[in-house]
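I opened my notebook to record what I looked up in this structure. My notes follow in the order I made them.

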Amino acid sequence: MGITGVALGLIVGLLVGFSFELSIGLIFGAISCCLFGLLGGLNRGGAAVVKHYALRLILWLSRYTPFKFIQFLDYGAKLIILKKVGGGYMFIHRMLLEHFAEIEVKERMADAPDIQP
């Protein structure tokens with residue numbers, strides 16, 4: 001889609017250049033190339049990248065995850081708490097996973113005492 005954006009930008013730039021002035025057409029064409037290319041890139045997967053990094057930023061600002069999350073997970077794998085599986089990680093011991101899941105439930109229960117398990 002980026003190539004299509006460049007082509008559309010060039011066509012728009014040439015049309016404007018022939019209608020008004022060549023320098024105005026070049027400027028308008030360059031702006032159109034960037035705009036169409038950006039919109040096409042966001043449509044073809046760029047939006048997922050933006051959402052991914054926005055989620056990581058929100059989790060870091062909320063202090064749920066560290067800033068260097070991959071290094072943190074690699075450190076957990078070095079300590080043999082986690083195991084690297086393909087592009088992801090999993091707990092070595094099922095009991096450890098259940099322990100961390102239980103801690104989260106207990107914290108939520110402390111925040112909202114009117115909820116019963």
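I began with burial: a residue is buried under 20% relative accessible area, exposed over 50%, and partly exposed in between, with a 1.4 Å probe and protein chains only. By that rule, buried residues make up 12% of the 117 residues in the chain.

Next I checked what I was looking at. This is a predicted model, where local features need pLDDT of at least 70, side-chain atom pairs count only at pLDDT 80 or more, and totals for chains, interfaces and linings use all residues. Residues are numbered from 1 along each chain as its sequence is written, and side-chain values use heavy atoms, with hydrogens and water left out.

I looked up confidence. pLDDT is the predictor's confidence in each residue, from 0 to 100. The chain averages 78, and 85% of the residues score at least 70.

Then I listed the elements. Helices (H or I, at least four residues) and strands (E, at least two) are DSSP runs, numbered from the N terminus. I found four helices and two strands. Along the sequence they follow the pattern α-α-α-β-β-α.

I turned to the strands. Two strands pair if DSSP finds at least two bridges between them. β1 (residues 82-85) and β2 (residues 88-91) pair in the antiparallel sense, over four bridges. Lys84 has Tyr89 in β2 as its bridge partner. Leu82 stands opposite Phe91 in β2. The hairpin has two residues between its strands, and Gly86 takes a positive phi near 65 degrees there.

I asked which other residues have a positive phi. Ile80 has one of about 65 degrees, although it is not a glycine. Ile80 sits in the loop between α3 (69-78) and β1. Its relative accessibility is 59%, so Ile80 counts as exposed. I also noted that the C-alpha atoms of Ile80 and Phe91 are separated by 8.7 Å, with the two residues 11 apart along the chain.

Arg63 is another non-glycine residue with a positive phi, near 65 degrees. Its place is in the loop between α2 and α3. Arg63 counts as exposed because its relative accessibility is 74%.

I finished with the surface. Accessible areas come from the Shrake-Rupley method with a 1.4 Å probe, and for residues only the protein chains shown count as cover. The chain exposes about 9,800 Å², and carbon and sulfur atoms supply 70% of that.

Which residues form a nonpolar patch on the surface? They are Leu57, Trp60, Leu61 and Phe67, with about 440 Å² of accessible area together. Patches are made of residues with over 30% relative accessible area and no salt bridge; like charges are joined within 9 Å, and nonpolar side chains (Val, Leu, Ile, Met, Phe, Trp, Tyr) within 5 Å. A salt bridge is a side-chain nitrogen of Lys or Arg within 4 Å of a carboxyl oxygen of Asp or Glu. Leu61 lies in helix α2 (residues 22-61). With a relative accessible area of 57%, Leu61 is exposed.
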